Amino acid sequence: MVAISERVRGEPIRLVLALVEREIRDTLRDWRMVVPIVILTLFFPALMSFVADMALDWVARYGAPIVGERMIPFLLMVVGFFPISFSLVIALETFVGEKERRSLEPLLSTPLTDAQLYLGKTLAAMIPPLLAAYLGIAVYLIGLYFIKGWTPSLTLITLMVVLTTVEGLVMVSGAVVVSSQTTSVRAANLLASFIIIPMALLVQVEALIMFWADYGVLWWIVLFLLVVDVILIRMGIHLFNREALLGREIDELNLAFVWRTFRKHLGWGDWFSEPAVQETPIGLHWLKVAGGLYGRDIPIILSRSRLAIGVVVIGLVFSALVGFFLAERYPLPPQVLQLDQVSEETFTDLPSMDWFPSFSPWGVLKQNVRSLLAAALLAVFSFGTLAITLLMAPLAIIFFFVTQVAHLGYNPLLFFAAFVLPHGLLELPAATIATALAVRMGAAFMSPAQGMTVGEGWLRAVADFAKVFVVLIVPLLALAAVIEIYVTPVVVIWAFGG
Amino acid sequence: MIELSDLTKRFDDFTAVDRVTLSVAPGEILALLGPNGAGKTTTVRMLAAILPPTAGQAFVAGYSVTEHSREVRRRVGLLTEHPGLYLRMRGGEYLDFFGRLLSLDADERERRARELLARFGMSEAWDKRLGTYSKGMRQKMALIRAMLHDPTVLLLDEPTSAMDPHSAKLVRDAILGLRHHRRSIVICTHNLAEAESLADRIAIIRRGKIIASGTSAELKTQLLGPSLMELRLDRPPDGVVKLISDLVEIEEQGQNWVRYSAADFQETNPRLLQLLATHGVGVVTLGETPRSLEDVYLQVVEGE
């Protein structure tokens, strides 16, 4: 056998670079990719320099020079963003394009590891558009310097370069995930709208911020995008699967398989057919079934969800801190919170506020169930993050008021114990568990359960959510709602009422 | 060099490869035959450590395909069902790229690439874009890619498909040359004549299972019964049949021919010819009845 320089130092990077070099060369040989990149890199930024100059003069004539001043940095962002939009096109066809051209199998038969393949493909999709974006920014700035003598601050340049880079990385890492999970370039292009639409919205938000000229806020967007990058890259590496890439030819929605898998994980049929249940007199079957559910199934699911529960608890602690700091920063005037004037009417008048549920156990239960179900739905589309955010918001508000109460001279612990604890003892754990299970439904796409496909892992998470929600969360919320209506007001009036 | 033990691959509810057990020694060529969708390509993909088996074990070049998949991929040359070339690349560039992925030194990459291109009559293809290659050239280029690092194990899926007879012969000669260098080779093919001429052993796979295996001769005997001799005469065989029936077992007869079987043709045939000559019967030809691998294949596949 030919001497293979095995395990030579730096081999992993050399393999990645070989892949990156080939992919970039391939991209640059396609005139359909090169021509738009050149136009967006050279002509468009040069044109933007002239546009900025003309706009500046024009708005100055009408006494609105501020519009022109804000437009220059805004266009800086635009000339950076346009070329990186090409990274999406390149990244979308990385894996699925090779699969369609039948060139993927030879590549998979080389000693490249999954991580090397993923990294090489991602870098190859990123580098040409990103270089084009940097060049575009440079052309724009040079043009403005010569035409207008305008130079940006180092902070603004750094911000624009970093923002452009993380935006490119979000699009590429998202597109690589799509590319590795689809069976045709056409399907990948269709699914790309899940990347294009949020990015388009984000650019609009960025544009508003740029005209508002509070550039510091953009660093928060950079931070947010970095978190999204980490999530997408992790998801890409976890979901990368040679078998799925090679084996899957058609993406058929197999409802029978979906239902079968869901039922299997729900354990529906097993509950009644278990020998322990069968041996019990018919009238007492429900007792054994309940014993199995609460004594075995639910603890197993909760144990499986302990990481998600931990994440939610951390989120809740963080939201409490946010509530505390907001209260420190924005203290309320004393007349807003006059706890010694709390009476029975304080509670019964609450539904007069449009957004508040009717002050009855059923109204509170309905509101809580609806919120947690909405959180679960949002979790599916946000890798679980929005579910946590939805739960964090009320807790931040609670701790905002706990801190305010302390500032106003009341006992914060007594406030918490009277207003929150009676029903919160049941409601908070129920909401935490429901949110954690919702987080699992979202996170299943990022990190599929071991030995399961993404679909199966997700269906198990949905089954776990459904089972726990029906047999544990709803009863707990119902009990909490009764306490909230009949016990909490009594406790509050006893503690604070005049 | 290749050892498979109860190798199984399932995709959801579908079993593509079902407890396949076989081995290929160094310097041996195994032909894997079977209808489309029989599990040949999946088997090869598992041997190339691209797909992980669901159950069972496979050792290739001494490494487990599940535990040391990367080491296996270093030592295997895979010719895929479709050439799968990067059409915008030039020949030399393409081989250099794969040479780099296989960690070959720069000099070695170029030397091997030029040597193999020359062996397959494609020296002039070095600077040409792969998109301009003919079908046969693309197939040869894919084969060269598989042989670039001189692998100890070669897995070849339809190695001569789309090739003209001259190119196909070049490829067959190359494969036989590799056998002399003690490489283990697995060929998946529908070309039965090629399988018969190249392979030391043949395995027929259907619905993921090996349903017959052995040398070509063993398979023929096993599935078509013992071989027959065909005797062509200068006259109708009626009288002759009576004459030779003490020596051999008559199986069939026609207008001027007879087919017979015997325990040992080495001993029987000279005696038979002597007997016929003694009785003045003219013998036009005497030879073994032709039986092709196709007969065996059809018998096995249709019989299942």
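Me: How do α7 (residues 154-181) and α10 (residues 216-239) of chain A pack?
Reply: In this predicted model, helix α7 of chain A packs against helix α10 of chain A at an angle of about 25°, and their axes are 9 Å apart. Because angles under 35 degrees count as roughly parallel, α7(A) is roughly parallel to α10(A).

Me: And in which hand does α7(A) pass α10(A)?
Reply: The crossing of α7(A) with α10(A) is left-handed.

Me: What sort of residues make up the contact of α7(A) with α10(A)?
Reply: That contact has 18 nonpolar, 5 polar and 2 charged residues.

Me: Staying with chain A, into which domains is it divided?
Reply: Chain A has domain 1, covering 11-247, and domain 2, covering 255-496. Their centres, taken over C-alpha atoms, are separated by 39 Å.

Me: How many residues does each of these domains of chain A give to the contact?
Reply: Domain 1 of chain A gives 5 residues, and domain 2 of chain A gives 6 residues. On the side of domain 1 of chain A that touches domain 2 of chain A, 3 residues are nonpolar, 1 is polar and 1 is charged.

Me: Now the two chains: how many residues do chain B and chain A put into their contact?
Reply: Chain B contributes 31 residues and chain A contributes 27 residues.

Me: Which elements of chain B give two or more residues to the side that touches chain A?
Reply: They are α2 (69-75), α3 (91-101) and α4 (106-119) of chain B. Of these, α3(B) gives the most, with 4 residues.

Me: How does that side of chain B divide into nonpolar, polar and charged residues?
Reply: The side of chain B that touches chain A has 14 nonpolar, 6 polar and 11 charged residues.

Me: A change of topic: what is the domain assignment of chain B?
Reply: The assignment gives domain 1 as 2-221 and domain 2 as 228-288 of chain B. The C-alpha centres of these two domains of chain B lie 46 Å apart.

Me: What is the strand order in the open sheet of chain B?
Reply: The sheet has 6 strands in the order β6-β7-β8-β3-β9-β10, with mixed pairing. Its edge strands are β6 (76-79) and β10 of chain B, each of which pairs on one side only. On average, neighbouring strands of the sheet are turned by 15° against each other, direction ignored.

Me: Which helices lie on these strands?
Reply: Helix α1 (residues 40-47) of chain B packs on the sheet and touches β3, β7 (153-157), β8 (184-188) and β9 of chain B. The direction of α1 of chain B makes about 150° with that of β8(B). Helix α6 (residues 165-180) of chain B lies across β3, β7 and β8 of chain B, and runs at about 150° to β8(B).

Me: Do β3 and β9 of chain B run parallel or antiparallel?
Reply: Strand β3 (residues 29-33) and strand β9 (residues 201-206) of chain B run parallel and are joined by 4 bridges. Within that pairing, L32(B) stands opposite A203(B) in β9(B).

Me: And how many bridges join β9(B) to β10?
Reply: There are 5 bridges between β9(B) and strand β10 (residues 209-214) of chain B, and the two strands run antiparallel. I205(B) has I210(B) in β10(B) as its bridge partner.

Me: What about R207(B) in that hairpin?
Reply: The hairpin of β9(B) and β10(B) has 2 residues between the strands, and R207(B) takes a positive phi near 50° there.

Technical notes. Residues are numbered from 1 along each chain as its sequence is written. Chains are lettered from A and ligands numbered from 1 in the order in which they are written. This is a predicted model: local features need pLDDT of at least 70, side-chain atom pairs count only at pLDDT 80 or more; totals for chains, interfaces and linings use all residues. Axes are lines fitted to C-alpha atoms, for helices over the stretch in contact, and angles run from 0 to 180 degrees between N-to-C directions. Angles under 35 degrees count as roughly parallel, over 145 as roughly antiparallel, 65 to 115 as roughly perpendicular and the rest as oblique. A crossing is left-handed if the near helix is turned anticlockwise from the far one by less than a right angle, and right-handed if clockwise. Ala, Val, Leu, Ile, Met, Phe, Trp, Tyr, Cys and Pro count as nonpolar, Asp, Glu, Lys and Arg as charged, and the others, Gly among them, as polar. Domain bounds come from an automatic or database domain assignment. Two residues are in contact if their C-beta atoms, placed from the backbone, lie within 7 Å. Two strands pair if DSSP finds at least two bridges between them.
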